[in-house]
Amino acid sequence: MSSEVKSLKLAKAGFNKIEWADRGMPVVASIREELRKSKPLKGMNISACLHVTAETANLMRTLSEGGAKVALCASNPLSTQDEVAASLVKDFGIDVYAVRGVGRDAYYRHIKKALAIEPEITMDDGADLVTLIHQNGVHGERPPMGGTEETTTGVIRLKSLAASGKLRYPIIAINDADTKHFFDNRYGTGQSTVDGIIRATNLLLAGKNFVVCGYGWCGRGVASRARGMGAQVIVIEVDAVRALEAVMDGFRVLPLKEAAKIGDIFVTVTGNTTVLGKEHFALMKDGAVLANSGHFDVEIDLKTLKTMTKSVRETRPLVEEYLLKTGRRVFVLGQGRLVNLACAEGHPSSVMDMSFANQALSVVYLKQKAGALGREVIDVPKEIDKKVAALKLKTLGISIDTLSDEQEKYLNSWELGT
């Protein structure tokens with residue numbers, strides 16, 4: 001077995017975390033049992049570039065028990081839980097290349113090692129793995145039969161690749177499944193982002209001006225959870241429809257230059273670059289806290305911020321104080337990386353249960369449809385989305401009604417009217 005983790009001595013603690021997360025992932029557990037019996041992935045190689053958390057570990061276990069050989073690397077230098085990586089190697093026999101806090105060179109070395117098994121299927125969280133395949137041809141001449149992508153940011157990148165006609169194989173957009181973005185993005189990101197900010201700073205959110213940049217599904221979640229903690233939430237948007245929705249949801253909507261003057265805490269969650277930049281830093285009041293919950297560390301322009309700064313020091317773990325030349329201080333959390341994973345533990349397992357159930361079932365679908373799908377970004381099949389929702393309701397002990405034959409006929413007929 002070839003792996004690169006911090007220390008196998010951490011495995012016991014990691015096993016306990018994986019076991020705890022598994023308690024909150026009954027849908028994935030039921031799929032794991034189903035795949036263990038049928039072995040639909042027998043003989044397949046799968047390379048995954050995901051956040052190495054306890055929840056991800058249970059997905060990797062599921063694929064492995066379904067017959068696949070799995071190689072896992074991290075999709076963010078600060079999202080790896082070292083104890084979980086160790087347990088995956090020692091207790092579950094899965095190849096892992098992930099160490100928390102690695103630099104750029106080691107990060108990409110790990111991705112290349114995960115790709116060394118020449119996977120039939122790839123799994124991505126941000127599209128770094130797929131991008132490397134397309135840029136450097138590290139996979140070889142024959143591309144994988146298919147792949148999955150977990151995030152909004154990754155889907156955007158891959159759709160751009162597909163639009164240029166350069167996407168070499170089909171990718172299922174896990175992020176776009178209803179049972180993913182309605183719940184993972186909104187409730188998962190909402191809670192874990194606020195959790196990361198509070199763990200890092202121990203600040204009281206009540207009464208603070210809390211600025212949320214972006215009102216997509218993740219932004220909606222962050223805004224609602226911050227309001228629930230008593231914060232005065234201000235939403236920043238460039239899309240008129242989303243801005244209007246934020247207003248109707250009861251939030252104050254402002255241009256970022258205006259919000260920069262009054263904000264106490266800023267969270268970027270747009271999937272875009274240079275959201276907070278020089279013009280905004282210059283307007284911020286002393287003590288402003290900056291956090292990012294978008295996938296990549298480009299939303300806060302830290303390079304420019306450093307040019308405006310006298311000194312930088314760590315005042316608390318993962319809290320850096322930038323002393324500006326004006327004498328004001330700006331605090332950046334988690335090096336501008338995903339605050340919910342850099343400063344906390346990511347999404348609750350009960351939310352990832354649905355996202356990773358979609359991942360597991362989509363991998364099986366790709367195997368079944370090998371060669372029949374076009375080189376494009378495709379939706380999670382509706383039957384998978386509905387199966388995940390039905391399984392989740394079942395595990396919660398919730399029953400729902402079904403349509404009668406008469407109602408089915410009415411909904412599917414054009415003749416019936418007034």
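This note goes through a predicted model point by point, from its strands and salt bridges to its surface and backbone.

1. Basis of the model. Because this is a predicted model, local features need pLDDT of at least 70 and side-chain atom pairs count only at pLDDT 80 or more, while totals for chains, interfaces and linings use all residues. Residues are numbered from 1 along each chain as its sequence is written, and side-chain values use heavy atoms, with hydrogens and water left out.

2. The eight-stranded sheet. An open sheet of eight strands runs in the order β9-β8-β7-β10-β11-β14-β13-β12, and its pairing is mixed. Helices (H or I, at least four residues) and strands (E, at least two) are DSSP runs, numbered from the N terminus, and two strands pair if DSSP finds at least two bridges between them. The edge strands, each of which pairs on one side only, are β9 (252-253) and β12 (309-316). Helix α9 (residues 217-228) packs on this sheet and touches β7 (209-213), β8 (232-236) and β10, where contact means heavy atoms within 4.5 Å. The direction of α9 makes about 170 degrees with that of β7; axes here are lines fitted to C-alpha atoms, for helices over the stretch in contact, and angles run from 0 to 180 degrees between N-to-C directions.

3. Two parallel pairs. Within the sheet, β10 (residues 265-268) pairs with β11 (residues 288-292) in the parallel sense over four bridges, and Val267 stands opposite Ala291 in β11. Strands β1 (residues 45-50) and β2 also run parallel and are joined by six bridges, with Leu72 in β2 as the bridge partner of Ala48. Strand β2 (residues 69-74) is largely enclosed by the rest of the structure, because five of its six residues are buried; buried means under 20% relative accessible area, exposed over 50%, and partly exposed in between (1.4 Å probe, protein chains only).

4. A salt bridge between Lys113 and Glu4. The structure holds 23 salt bridges, a salt bridge being a side-chain nitrogen of Lys or Arg within 4 Å of a carboxyl oxygen of Asp or Glu. One of them is formed by the side chains of Lys113 and Glu4, at 3.1 Å from N to O. Since Lys113 lies in helix α5 (residues 104-115) and Glu4 in the segment before α1 (11-23), the pair ties together parts that are 109 residues apart in sequence. Lys113 is partly exposed, at a relative accessible area of 32%.

5. The network around Arg199. Salt bridges link Lys17, Glu83, Asp195, Arg199 and Glu345 in a network. Within helix α8 (residues 178-201), Asp195 and Arg199 are four residues apart, about one turn of the helix, and their side chains meet at 3.0 Å, N to O. The side chain of Arg199 also forms a salt bridge with that of Glu345, at 3.3 Å, N to O. Glu345 lies in the loop between α14 (339-342) and α15 (349-368), whereas Arg199 lies in helix α8, so this pair ties together parts that are 146 residues apart in sequence. The relative accessible area is 24% for Asp195, which is partly exposed, 43% for Arg199, likewise partly exposed, and 35% for Glu345, also partly exposed.

6. A nonpolar surface patch. Leu403, Tyr410, Leu411 and Leu416 make a nonpolar surface patch of about 410 Å². Patches are made of residues with over 30% relative accessible area and no salt bridge, like charges being joined within 9 Å and nonpolar side chains (Val, Leu, Ile, Met, Phe, Trp, Tyr) within 5 Å; accessible areas come from the Shrake-Rupley method with a 1.4 Å probe, and for residues only the protein chains shown count as cover. Leu416 is placed in the segment after α17 (405-411) and is partly exposed, with a relative accessible area of 43%.

7. Most residues other than glycine have a negative phi. Glu118, although not a glycine, has a positive phi of about 50 degrees; Glu118 lies in the loop between α5 and β4 (121-124) and, at 44% relative accessibility, counts as partly exposed. Leu318 has a positive phi of about 65 degrees and is not a glycine either; its place is in the loop between β12 and β13 (319-324), and at 24% relative accessibility Leu318 counts as partly exposed.
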